[in-house]
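Please consult the sequence and the coordinates shown here alongside them.

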Amino acid sequence: MTIDNPKARRACYYAFTVVTAALGSIAVFCGSSDAYVLPDWVQPLTAAVNYLGAAFGLVAASNVDVPAEPPQGQAPAEPGGAPAAEPGTVPARGA
């Protein structure tokens with residue numbers, strides 16, 4: 001799934017944000033009020049929107065290039081997993 005047009009992609013994300021915020025607001029309002037009961041359609045629609053959000057995240061994560069080397073100015077990690085000390089700094093005790 002790819003949306004090549006940046007305006008269309010932005011519109012999809014905007015619509016998703018508005019729907020998510022509206023559903024959350026309805027759930028919080030009805031949950032905190034004694035006078036209103038949560039409508040029957042809110043819970044299944046919230047679950048569907050959550051699945052759609054997870055799909056958006058997976059698609060976005062699979063389409064982002066991850067650099068193979070650390071960005072400029074960051075020291076590479078040592079073989080033990082601890083980050084290397086920056087030049088001119090004192091490593092922490094126990095490291």
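Q: In which helix is Phe56 found?
A: This is a predicted model, in which local features need pLDDT of at least 70, side-chain atom pairs count only at pLDDT 80 or more, and totals for chains, interfaces and linings use all residues. Residues are numbered from 1 along each chain as its sequence is written, and side-chain values use heavy atoms, with hydrogens and water left out. Helices are DSSP runs of H or I with at least four residues, strands are E runs of at least two, and both are numbered from the N terminus. Phe56 is found in helix α2.

Q: Is Phe56 buried or exposed?
A: Buried means under 20% relative accessible area, exposed means over 50%, and partly exposed lies in between (1.4 Å probe, protein chains only). Because its relative accessibility is 16%, Phe56 counts as buried.

Q: What distance separates the C-alpha atoms of Phe56 and Tyr13?
A: Phe56 and Tyr13 are 43 residues apart along the chain. Their C-alpha atoms are separated by 9.0 Å.

Q: At roughly what angle do the axes of α1 and α2 cross?
A: Axes are lines fitted to C-alpha atoms, for helices over the stretch in contact, and angles run from 0 to 180 degrees between N-to-C directions. Helix α1 covers residues 6–32 and helix α2 residues 42–62. Their axes come within 10 Å and cross at roughly 145°.

Q: What is the relative accessible area of Thr20?
A: Thr20 is found in helix α1, and its C-alpha atom is separated by 8.5 Å from that of Asn50, 30 residues apart along the chain. Thr20 is partly exposed, with a relative accessible area of 33%.

Q: How many disulfides does the structure hold?
A: A disulfide is a pair of cysteine sulfur atoms within 2.5 Å. Cys12 is partly exposed at 33% relative accessible area, whereas Cys30 is buried at 12%. The number of disulfides in the structure is zero.
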